[in-house]
Amino acid sequence: MPVPPRPLHTGGRPTPEGSAQLDRHVLEVATALFVKQGYAATSLEQIARVAECSKASLYRRYSSKAVLFKAVVGARGRHLLEEARAVEASSKNPLLATKEIAQFFLDFMLRPETVEAYRIVIADGHRIPSVVDDMMATSVEPFVATISRLLKAAADAGDIESTDHEETTRVLMGLVLGWPLQNTLLGQNRLIDPQTRHLFFERAWQIFISGIRRTAP
């Protein structure tokens, strides 16, 4: 993941828009460095230098590397959740919406920056205060709730058999992501090709839907 250049700054007191741009830039730089080097080898001083902002400016935003890493994880989670909620809001077919979100979920989770953030959470999460709890509360649980609402709507419409929609959601997530994420974390990258990944997803979706689709009496 390449390190992005800093947005142009004309000097003087930063505007609210300029400050927001710098916030996004710092997160992009931090994400790129965490992906490239890992958590332990990345420092706030290096992030400030690469982001071309002062250490004082960076420390005003993030008091520690752990706080900054949690912000990186939070930004990834918000992106996933915003996409899922946008699909939910725009779709009139809950099963098609569930499928679209599930495919985005697979693609999103196998992106290098997401994989590396996940790897850091697994390896160093116990050293980063509340990172797992924050991730669950702000990203994972709301994402599960979004798919659960869609599955409830499909069940209420008589399209599927599902009573514990959260459990059904977790079965779907396991089918779609379980082996692909394990394979990627082990460096095998069998699904790096988009077409291969799409074919895997279609097979996983068919297995899932065949188990819950309501059949005529």
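Analyst: Leu-106 counts as buried because its relative accessibility is 1%, where buried means under 20% relative accessible area, exposed over 50% and partly exposed in between (1.4 Å probe, protein chains only). The model is a predicted one, in which local features need pLDDT of at least 70 and side-chain atom pairs count only at pLDDT 80 or more, while totals for chains, interfaces and linings use all residues. Residues are numbered from 1 along each chain as its sequence is written, and side-chain values use heavy atoms, with hydrogens and water left out.

Leu-106 sits in helix 5; helices here are DSSP runs of H or I with at least four residues, strands are E runs of at least two, and both are numbered from the N terminus. With neighbours within four places in sequence set aside, Leu-106 has contacts (heavy atoms within 4.5 Å) with Val-176, Leu-177, Pro-180, Arg-197, Phe-200 and Phe-201. The C-alpha atoms of Leu-106 and Met-173 are 8.7 Å apart, although 67 residues separate the two along the chain.

Next comes the nonpolar core, defined as a set of buried Ala, Val, Leu, Ile, Met, Phe, Trp, Tyr and Cys residues joined through side-chain atoms within 4.5 Å. The largest such core has 33 residues, of which Ile-101, Phe-105, Phe-143, Ile-160, Leu-172 and Leu-177 touch the most other members. Two or more of its residues come from each of helix 4, helix 5, helix 7, helix 8 and helix 9 (194–212). Helix 5 gives the largest share, nine residues. Beyond four places in sequence, Ile-101 is in contact with Ala-84, Val-87, Phe-143, Thr-146, Ile-147 and Leu-150. Another core, of 25 residues, lies apart from the largest one and includes Leu-22, Val-29, Phe-69 and Ile-128.

Helix 5 (94–109) also takes part in the largest pocket, as do helix 4 (65–90), helix 6 (112–124), helix 7 (131–156) and helix 8 (165–185), each supplying at least two lining residues. The space in this pocket is about 410 Å³. Its lining numbers 20 residues, and Leu-80, Met-109, Tyr-118, Met-135 and Val-140 are the closest to the centre. By class, 15 of the lining residues are nonpolar, three polar and two charged.

Lys-70 is partly exposed, at a relative accessible area of 22%, and Asp-134 is partly exposed at 34% relative accessibility. Another salt bridge, between Arg-76 and Glu-113, has its closest N and O atoms 3.6 Å apart. Arg-76 lies in helix 4 and Glu-113 in helix 6, so the pair connects parts 37 residues apart in sequence. Both Arg-76 and Glu-113 are buried. In a further salt bridge, Arg-149 and Glu-88 bring their closest N and O atoms to 2.9 Å. That pair links helix 7, which holds Arg-149, with helix 4, which holds Glu-88, across 61 residues. Arg-149 is partly exposed, with a relative accessible area of 41%.

Technical notes: On a 1 Å grid over the protein atoms alone, a cavity is a set of points where a 1.4 Å probe fits but cannot get out, and a pocket is an open set with protein on both sides within 12 Å along at least five of seven lines; lining residues have an atom within 4 Å of a point. Grid points are joined across faces, edges and corners, and a volume is the space filled by probe spheres set on the points. Ala, Val, Leu, Ile, Met, Phe, Trp, Tyr, Cys and Pro count as nonpolar, Asp, Glu, Lys and Arg as charged, and the others, Gly among them, as polar. A salt bridge is a side-chain nitrogen of Lys or Arg within 4 Å of a carboxyl oxygen of Asp or Glu.
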